[in-house]
Each structure stands twice: as structure tokens, then as C-alpha cells.
Amino acid sequence: MCRSIKTLRPPALPEEATEEEIRAAALQYVRKVSGFRAPAAHNREVFEQAVETIAGATAELLGGLEIRGAAARRSA
């Protein structure tokens, strides 16, 4: 769906994703779903709230993922 959103989990990103990277991915998602690159003034609050909610869900997802074989790849 959103080809411009980069993968934020290893091995695509060797170290943990930063808050900035997570927020950028969330912003791209909200832009795609809403159809707006930037919200109008009357939509700004709901747009920003969506970005924050999605960024939080993304951080929770990344924090909970178990990447099998990741330890073997790191020590190689």
C-alpha cells in the first residue's frame, strides 16, 4: 500500500528504529490514507493525533516483534 514507507525492523534496519523514523513512517501512512499531504487548518488536530497514535502503535509493534535468527546474524 505505502511503498514510500521503509521497513523499520532488522535486518532492513540493523539497529533499532529511532522515534524520528517511526514518526516519519506514521506520517507517510496518514498522508496516504487521508489523501492529504498536509491537512487544512480545520483538520490539523485530527491529522496530528492520527500520526501520534500510529507512531505509538508502530513503536509497540516493533518492540514486541521477535526476529528469529537475529542473534545468529548479529554475531556473524
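This is a predicted model: local features need pLDDT of at least 70, side-chain atom pairs count only at pLDDT 80 or more; totals for chains, interfaces and linings use all residues.

Reader: Is Thr 58 buried or exposed?

Author: Buried means under 20% relative accessible area. Thr 58 has 18% relative accessibility and therefore counts as buried. Thr 58 belongs to helix H2, which covers residues 44–64.

Reader: Which residues does Thr 58 touch, not counting those up to four places away in sequence?

Author: Thr 58 touches Leu 8 and Ile 22. Ala 17 is in contact with Leu 8, Ile 22 and Leu 62, leaving aside neighbours within four places in sequence. Ala 17 is placed in the segment before helix H1 (19–34).

Reader: How many salt bridges does the structure hold?

Author: A salt bridge requires a side-chain nitrogen of Lys or Arg within 4 Å of a carboxyl oxygen of Asp or Glu. The structure holds four. In one of them, Glu 21 and Lys 6 meet at 3.3 Å, N to O. This pair links distant parts of the chain, with Glu 21 in helix H1 and Lys 6 in the segment before H1, 15 residues apart.

Reader: Which residue forms a salt bridge with Arg 23?

Author: The partner of Arg 23 is Glu 52, and their closest N and O atoms are 3.1 Å apart. Here Arg 23 lies in helix H1 and Glu 52 in helix H2, 29 residues apart. Arg 23 is partly exposed, at 30% relative accessible area, and Glu 52 counts as partly exposed at 41%. Salt bridges with shared partners join Arg 23, Glu 48 and Glu 52 into one network.

Terms used: Residues are numbered from 1 along each chain as its sequence is written. Side-chain values use heavy atoms; hydrogens and water are left out. Helices (H or I, at least four residues) and strands (E, at least two) are DSSP runs, numbered from the N terminus. Buried means under 20% relative accessible area, exposed over 50%, partly exposed in between (1.4 Å probe, protein chains only). Contact means heavy atoms within 4.5 Å.
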